[in-house]
Structure formats: structure tokens, C-alpha cells
Amino acid sequence: MIYFTSDAHLGSHYHPDPLAVERRLVAWLDAIAPSAEAIFFLGDMFDYWFEYRHVVPKGYVRFLGKVAELVDRGVEVYFFQGNHDVWMGDYLEREIGAKVLSNALEVRLGKAVFRLAHGDEEYRRECWVNNFMYRLFRAKWAQCLYAAVHPRWTVGLALFLSEQSRRRGLKRAKTPHEIENPYFHLEEEWLVRWVKQHLIEYAHVDYFVFGHRHLLVDMALDGKRRLLILGDWLQYSSYAVWDGETLSLETFDPNSNM
């Protein structure tokens with residue numbers, strides 16, 4: 001089985017109980033461990049991640065330890081850089097054995113071709129602000145300037161800004177799985193529009209899989225091709241699984257048997 005998930009935002013102050021979210025994510029990894037051949041984390045698994053030369057953010061020991069255990073058991077693990085954890089260096093590769101990817105990946109898994117991405121690279125075309133932030137966060141000069149500031153200032157500021165952004169973007173509605181948002185209609189969602197604009201260019205791709213937008217989307221395209229947006233671990237505890245024949249979008253309940 002191949003598994004895909006994204007947007008756990010571990011450490012986020014938006015989580016009522018951040019440690020409970022990490023434990024639920026680890027419980028999911030335990031549940032899929034017997035069947036997992038590979039796991040793709042499609043970005044923003046951490047709400048904030050910045051690697052200094054000799055320092056990484058504290059915390060996440062349960063999650064990182066579990067990932068290291070899976071890698072040691074032969075599971076291939078991939079971390080995509082998201083817009084919240086774009087500043088990954090070599091720590092996860094060197095200490096855990098995971099592979100870190102900074103851009104979209106096209107990969108054949110069994111009989112199907114997947115295009116995997118966090119989604120911020122495509123979403124930056126939606127407006128000039130997104131494009132500016134995307135380019136700024138990835139600029140080496142900006143990272144060097146940021147690294148020169150003591151973490152006592154940068155970490156707190158980053159988490160505060162992240163929380164404010166999340167509170168503006170995710171307003172809870174009547175049920176936990178309903179979100180008030182400005183999309184009006186799914187056809188107007190930018191990642192949906194981006195994929196449909198590029199269907200001919202990516203005629204060889206069977207499945208487009210994204211994170212980033214905190215939406216649960218499983219949309220049929222032309223023929224048997226599909227677009228998935230993976231949701232998140234803020235509200236859904238969601239993931240996708242590919243068994244070589246079928247791709248399904250699921251939610252994890254730690255009290256049920258998978």
C-alpha cells in the first residue's frame with residue numbers, strides 16, 4: 001500500500017491539544033505500518049520548521065521517532081516542503097532517512113502515474129501576493145537574513161502569524177467537517193482550475209494529488225483520471241491510500257480497526 005497525507009501542522013497553536021494531534025498521527029502510522037510500502041507527506045506536516053546549521057525545532061519526538069522506525073523497517077518516506085515547513089535542510093534525510101522534496105513529483109506507482117505536490121507552487125499563480133510570498137520564502141538571501149535572527153524572536157513570531165492566518169481561513173461551521181470558505185463553488189477552487197488548465201500538458205498523469213488547501217476533494221476528471229486534495233489533521237485526520245488498483249480518500253478514527 002502507498003499512503004499520502006498532508007497538513008498536520010504539528011505544533012500549531014490552532015490545535016486545542018497539539019500533543020493529542022501528534023499522538024493521533026502516530027496511531028495512524030502504527031495502523032498502516034504492516035501494509036505500508038511508502039508514505040508521502042505532502043507538505044506542512046509541521047506548522048513551523050526552520051533548520052539552523054546546528055539547531056532544529058524542538059518537539060515532535062513521537063512523530064519523528066515513529067517515522068525513523070518505519071524507515072528502519074524498509075518503508076520509503078518522502079517529505080514535501082510546504083509553505084509552513086519550506087525551510088527544511090538535510091536533518092530529516094541525515095537523521096531519519098526520509099527523502100525531502102522541494103517541488104512536485106511525477107512518479108509511476110504500479111499501473112498509474114501520479115503527480116504529487118503540496119499545492120503552493122501551483123496556487124501562487126492565483127494572485128501576486130501568493131507569488132511574492134512563494135518566491136520570498138524560497139529565496140536564499142531571505143533565509144540567510146532570517147537565520148541571523150535569534151530563534152527567541154523568529155519562532156514565536158512565525159507561530160503567531162500562522163495561527164492568525166489559520167483563524168482567518170478556517171472558521172468552523174455547524175459540524176466539524178464543514179468549513180465556511182470563500183470558494184463559492186468547487187469549480188472556482190484554484191487547484192481545480194489549475195489542473196483543468198493543464199490536462200493536455202499532463203495527459204500522461206492519472207492522478208493529481210495535493211495538500212495545502214485543507215479541503216477534502218475527490219474529483220473525477222476526463223476519463224478515469226482524478227484530482228485529490230487531502231484535507232488535513234486540523235479537522236479531518238484524512239489521508240489517501242493506493243493499493244495498486246484503487247485510490248481512495250479516507251479519514252482515520254483511532255478507535256476503529258482499519
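Some ground rules. Residues count from 1 along each chain as its sequence is written, and side-chain values use heavy atoms, with hydrogens and water left out. Since this is a predicted model, local features need pLDDT of at least 70 and side-chain atom pairs count only at pLDDT 80 or more, while totals for chains, interfaces and linings use all residues.

Strands are DSSP E runs of at least two residues, helices H or I runs of at least four, both numbered from the N terminus. Two strands pair if DSSP finds at least two bridges between them.

Strand 1 (residues 2-5) and strand 2 (residues 38-41) run parallel, joined by four bridges. There, F4 stands opposite F40.

Now strand 9, residues 207-210. Which of its residues are buried? Y207 and V209 are, on one side, and F208 and F210 are, on the other. Buried means under 20% relative accessible area, exposed over 50%, partly exposed in between, with a 1.4 Å probe and protein chains only. In a regular strand the side chains alternate between the two faces of the sheet.

Strand 9 has partners. Strand 6 (residues 112-117) runs parallel to strand 9, with four bridges. L116 stands opposite V209. Strand 11 also pairs with strand 9 in the parallel sense, over four bridges. Here Y207 faces R226.

Last, G223. It is in the loop between strand 10 (216-220) and strand 11 (226-230). G223 counts as exposed because its relative accessibility is 74%.
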